[in-house]
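Trainee: I have a new structure to look at, and I would like to learn how its features get their names. Could you go through it with me?

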Amino acid sequence: MKPKILLSVIIPVFNEEKNLPLLVEKFKELVKDKDVEFLLVEDTGSTDNTREELRKLAKEYPFIRGIFINERGYGKSIYEGLKSAKSEFICWTHADLQTDPKDTLRALEIVKNQENKEKAYIKGNRFKRPFSEKFFEFGMSIFESLILRTYLFDINAQPNLFHKSFLKLMNNPPADFSFDLYAYYLAKINNYKIIRFPVLFPKRIYGESKWNTGIKSKYKFIKRTINFSFKLKRMLKDNINKS
């Protein structure tokens, strides 16, 4: 009898052809005596051989599921993966190996020790980052906390783990990089117990960040995040008025 899957790890893979074999090596260590599945989601935007490499790896390793969507977007990829998960607990993280895949199992152990597992949201807290990155994240955290009137910090840290019932709260989530903010904020306003744990955040091994490629990309990211923050605030106000 096939064992019940306890954890599904969702990983969006966009132009990650060179990182995929390294990820698989990490996964092989994690699946020993563990009921874990890895859902790697690739959208139509990759310009390298990510899709072909993923298909090959999914055939070779039974613990990998390749999901291919015809829409673009970081948030869209994660959400499609979350909906496809077959486990009790669901998690997402990045493919760039800046967050160790082992951190997903650390998050799982944390949630298993909670009295109310269905109302716990486990999220990494990055350390040993360059000062410029910490300064940028600090500024964004202050801004988001003021706009949304709840304390938020290191919003884009990985991994993010929760019980599958959390998906019922998601209604039309953002398709872009605002997804991390959306899920974190959703947990906060629904009185989830937010548990942060330290994760190392080294440099990428292969490829480049999909958004952090310079001042111009940071400006675009900030602009999108600000716009979505005000949208979130309006959504919250509308929900209060309807209740």
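Trainee: Which residues does serine 46 touch, not counting residues up to four places away in sequence?

Mentor: Keep in mind that this is a predicted model. In it, serine 46 touches Val13, Phe14 and Asn15. Serine 46 itself sits in the loop between β2 and α2.

Trainee: Why is serine 46 called buried?

Mentor: Its relative accessibility is 15%, and buried means under 20%. The value falls under the cut-off, so serine 46 counts as buried.

Trainee: What makes the meeting of serine 46 and glutamate 42 a polar contact?

Mentor: The two side chains come to 2.9 Å, and the limit for the N or O atoms is 3.5 Å. The side chain of serine 46 also reaches the backbone nitrogen of asparagine 15, at 3.0 Å.

Trainee: Now the charged residues. Why is the pair of lysine 28 and glutamate 25 called a salt bridge?

Mentor: The N to O distance is 3.5 Å, and the rule asks for a Lys or Arg side-chain nitrogen within 4 Å of a carboxyl oxygen of Asp or Glu. The pair meets that rule, so the name salt bridge applies. Both residues lie in helix α1, three residues apart, about one turn of the helix.

Trainee: Is lysine 28 buried or exposed, or something in between?

Mentor: Lysine 28 is partly exposed, because its relative accessible area of 32% lies between the cut-offs of 20% and 50%. Glutamate 25, at 42%, is partly exposed too.

Trainee: Which parts does the salt bridge of glutamate 37 and arginine 65 tie together?

Mentor: The closest N and O atoms of this pair are 3.2 Å apart. Glutamate 37 belongs to strand β2 and arginine 65 to strand β3, so the bridge ties together parts that are 28 residues apart in sequence. Glutamate 37 is buried at 6%, whereas arginine 65 is partly exposed at 25%.

Trainee: Which residues are linked in a network of salt bridges?

Mentor: Glu71, Lys76, Glu80 and Lys83 are.

Trainee: What makes β3 and β7 edge strands?

Mentor: Seven strands form an open sheet in the order β3-β2-β1-β4-β6-β5-β7. Strands β3 and β7 each pair on one side only. On its paired side, β7 runs parallel to β5, with eight bridges joining them.

Note on methods
Residues are numbered from 1 along each chain as its sequence is written. This is a predicted model: local features need pLDDT of at least 70, side-chain atom pairs count only at pLDDT 80 or more; totals for chains, interfaces and linings use all residues. Side-chain values use heavy atoms; hydrogens and water are left out. Two strands pair if DSSP finds at least two bridges between them. Helices (H or I, at least four residues) and strands (E, at least two) are DSSP runs, numbered from the N terminus. Buried means under 20% relative accessible area, exposed over 50%, partly exposed in between (1.4 Å probe, protein chains only). A polar contact is a pair of N or O atoms within 3.5 Å; within protein, one must be able to donate a hydrogen and the other to accept it, and residues adjacent in sequence count only if both atoms are side-chain atoms. Contact means heavy atoms within 4.5 Å.
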